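Notebook open, structure loaded. I want to look up two spots today and jot down what I find.

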Amino acid sequence: MFVSDLRKEFYDVIKGKRVLVLVHFDVDGICASKILQSLFRTDHILYTVVPVQKRKDLVNVYENHAEQIKHIILINCGGCIDVVDLLQPADDIIFFIADNHRPLDICNIYSGEQVRILSKLGDDEQVPAFSDVFREDESDEEEEESDEEGGKRPRFDESVLEKRMERRRWEQQRHKIVFDYTQFSYYGNSTAVLMFDLAWKLSKDSNELLWWAITGATDMLMCEKTEQDKYLLMTASLQNHVSRLNHKTQDDQPLDCLRITFEKELQLALYRHCSLVESMRHSLYPATSLRLWTLKGEKRLCELLAEMGLPLSQCKQKYSGMDMTLRNELQSLLEAKVEKYGLGNLLFASFTLTHGFRSKYSAMDYVYAASALLESTDKEKTSADAFLDVADSLSMNKLSVLEKGIEAAKQQLEAVYRQVQTFLDMNQIISAGPFLYATVIEGTPDARFFSAPQCLSLLARFTLRAHVSISRSKKSRSLPLVITTPDVRSSETNTCLVCGIPPVSEESPRNFFGKAFEQAAEKTASKSELEFFDTNVMRLSVDDRSKFFDALISLLS
Ligand SMILES: *[C@@H]1O[C@H](CO)[C@@H](O)[C@H](O)[C@H]1NC(C)=O
């Protein structure tokens, strides 16, 4: 069931209880859990936070804790799975689900008291009607038949038959309705923003919590989980909170205070922390718009910088080392040239954070840093370590972890850029008919970066945009992309990760690969693991790869 009043029906219920919080491995989820934890600390609610990456983790963690804890909060996980069926909980266990994954499982939605969904459905989201998917009389039918005794029976034969046929029709109809409902995966609003809303309603909001909500929303934009227009709606409401919490003039505030500003920001990755040229290369939008992988593209970039009056030497050194005047004018100089160079979307509405007099960070910086730490390539780090690093990088008093994350993010983006260059130079993006296909070759030194779901998705988005930008075929815009990479992080040998993304022409980020992967794997009995909460990523045995792809092609043709 859906919870409509977060304060009364969620927060007041768990007050004074012990809670278990399961958090999905994504930046929005971790931001949401940071907000919750901060609320819990002020209200002395005892909590345990455990990260989960896959369905299996959900089961394991649940089994380890369900004895002692009756109130379980699922953040960005579990919404699309029938949790009661998966976990077989005792009656006194209650799940609260705040998940940005869609579509939400029908059983969760129609569960009575045991499953309570905190996320909200948009006006454009349709859920099948209860009577179309559940029948009250499901178990009664058999009984009815045997109940009918003696002389009555013959009279009912025809109606029993009629009833069965009606039932079969209903089941076929149900199958179709459920298929249509679950065919595409997509995302709802940021869970961090939802939790901030709760904090605000509890009058416990602050700039720190607001920054986490902003980071969560920005993560969803950067992962292309949110459309532009939804992001703009979201920023409008966040901007109201920014004005409310930052209305005091600077003079009235302590020197070390946090200040959030809403402003136009360049869509340039980490540009305050590297050189302008590096940043242009590593940012999806300018790199693909200028086609920086080609010689012509390089030339255009030089022309652009020259027209802006920026000496190349200035653009190749770290931003912090650039002339102060150039730094201050950078945004307006670029803005004047965006139209001419086809970079109309280079500026977007975003937020920045300043710590007293110290450096300024954009919301994008935070997301890049957190994403890189989350999928750290450091072999010494377990996933639990990585999760804690991300949580630290978001803390206001641990800027050194944030800085480490920024360094890690630069390496990640460099690896992505190199790989895209390789794909293009070697013509490794091929049309498989209904989709484009690219594979990271076994033994690629950077494979460690890509054998993690989010970096692989980033590589996929970069690859598809880059390909479309230089492709002569118009059709490429309407083709989705499937990318595979050796799964070098896995303990099992000979497996690969597979990730599918929608075509560039698709405005809404709806993705049909989750269902398609499931069907292709089933049909070919491929050794596979469909365990991620983002269902457009899966693991597959390399031996089964060709038959799996044959099935996928015929399925989507
Ligand atoms: C998502 O957030 C926007 C902006 O705050 C809001 O207008 C919209 O109603 C939200 N949608 C849902 C489903 O909560």
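Ground rules first. This is a predicted model, where local features need pLDDT of at least 70 and side-chain atom pairs count only at pLDDT 80 or more, while totals for chains, interfaces and linings use all residues. Residues are numbered from 1 along each chain as its sequence is written, and side-chain values use heavy atoms, with hydrogens and water left out.

Asn189 puts a polar side-chain atom 2.3 Å from a ligand oxygen. For Ser237 I noted 3.4 Å, again from a polar side-chain atom to an oxygen of the ligand. The protein buries 60% of the 360 Å² that the ligand exposes when taken alone (Shrake-Rupley method, 1.4 Å probe).

**Asn76.** Next I checked Asn76, and found it in the loop between strand S3 (71-75) and helix H4 (83-87); helices (H or I, at least four residues) and strands (E, at least two) are DSSP runs, numbered from the N terminus. Asn76 counts as buried because its relative accessibility is 0%, and buried means under 20% relative accessible area (1.4 Å probe, protein chains only). Its side chain makes a polar contact with the side chain of Thr191 at 2.5 Å, and another with that of Asp28 at 3.2 Å. A polar contact here is a pair of N or O atoms within 3.5 Å; within protein, one must be able to donate a hydrogen and the other to accept it, and residues adjacent in sequence count only if both atoms are side-chain atoms.

Definitions and conventions. Buried < 20%, exposed > 50% of the residue type's maximum accessible area, 1.4 Å probe, protein only.
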